[in-house]
Amino acid sequence: MSVFRRMRDITVANLNERLEQSQDPVKLIDQFLHSTREEIGEAERLYQQYASHTKQLQQQVNQATAMRDKREEQALLALKAGEDHLAKLALQEKIIHEEKLEQYSGLLETSRQSLFELETQLNELKIEYQTVYSKRQFYAARMESLRLQQRMNQRAGAYGGGDVPKMFGRLEDKMTDWELEAKSLSDLRRMGQEYAVQAGETVATVLEREMARLKEKLNNDGRKE
């Protein structure tokens with residue numbers, strides 16, 4: 001089973017079919033490239049994780065191998081010295097490290113295979129991206145040529161004996177609309193100014209009335225004293 005597999009919105013399998021139906025093939029290709037870049041980034045991160053994990057497994061295998069060999073040497077030394085009990089203890093530990101070595105060796109082999117498979121997929125993705133990117137540049141150039149040709153055709157049509165009086169008639173209508181709009185804005189501003197003047201006069205009247213009230217109050221207070 002594949003280590004790294006993620007369904008993309010656009011794949012190579014359906015890209016050509018969708019290109020035939022697309023009105024903007026360059027945009028569709030850009031979507032494909034964006035999706036592929038994300039997948040490459042995800043694959044690279046996963047590859048780094050697998051590489052780190054494989055390195056750790058290799059360290060475990062190396063450690064188990066070294067301890068197995070060390071305990072066997074110790075068992076031989078103990079036997080030579082007539083220490084059978086110590087030899088048995090060393091052999092027991094040797095068996096433990098042999099079991100550990102077997103277990104981690106299996107994990108290491110599986111991890112190496114997965115790492116190789118992931119590296120292969122990552123290289124395929126990068127080649128796929130470069131291939132489609134090159135096509136994208138070509139189609140972008142063709143689309144630009146088509147766009148410029150269409151603009152040239154439109155300009156050529158504009159000089160193809162158009163009705164000059166009608167053209168100026170439309171311009172006259174447009175300018176009349178602009179003049180009416182400007183006049184309406186001017187009328188609104190004038191109304192606003194008149195309202196401000198009226199509001200100012202109203203405030204002044206209120207102030208004069210309040211001043212008169214206060215003066216009358218002062219006069220009344222003076223009489224009371």
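Just after helix H2, glycine 82 takes a positive phi of about 80 degrees. Keep in mind that this is a predicted model. Here's what to look for on either side of that glycine.

**Helix H2**
- H2 is made of 56 residues and runs 81 Å from its first C-alpha to its last.
- That's close to the 82 Å you'd expect at 1.5 Å a residue.

**Nonpolar cores**
- The largest nonpolar core has 10 residues: Ile29, Phe32, Leu33, Ile40, Ala43, Leu118, Leu122, Leu125, Tyr129 and Val132.
- Helix H2 (25-80) and helix H3 (84-158) are the elements that each give two or more residues to this core.
- There's also a second, separate core of 5 residues, and Leu57, Ala64, Leu101 and Leu108 are among them.

**The tyrosine pair**
- You'll find 1 aromatic pair in the structure.
- It's formed by tyrosine 129 and tyrosine 133, whose ring centres are 6.3 Å apart and whose planes sit at 10 degrees, so the pair counts as stacked.
- These two tyrosines are 4 residues apart in helix H3, which means about one helical turn separates them.
- An α-helix has 3.6 residues a turn, so residues three or four places apart point the same way.
- Tyrosine 129 is buried, because its relative accessible area is 14% and the cut-off for buried is under 20%.
- Tyrosine 133, at 36% relative accessibility, is partly exposed.

**Alanine 141**
- Alanine 141 sits in helix H3 and is partly exposed, with a relative accessible area of 43%.
- Alanine 141 and valine 26 are 115 residues apart in sequence, but their C-alphas are 9.7 Å apart in space.

Terms used. Residues are numbered from 1 along each chain as its sequence is written. This is a predicted model: local features need pLDDT of at least 70, side-chain atom pairs count only at pLDDT 80 or more; totals for chains, interfaces and linings use all residues. Side-chain values use heavy atoms; hydrogens and water are left out. A nonpolar core is a set of buried Ala, Val, Leu, Ile, Met, Phe, Trp, Tyr and Cys residues joined through side-chain atoms within 4.5 Å. Buried means under 20% relative accessible area, exposed over 50%, partly exposed in between (1.4 Å probe, protein chains only). The expected span of a helix is 1.5 Å times one less than its number of residues. Rings of Phe, Tyr and Trp (its six-membered ring) pair if their centres lie within 6.5 Å; planes under 30 degrees apart count as stacked, over 60 as edge-to-face and the rest as tilted.
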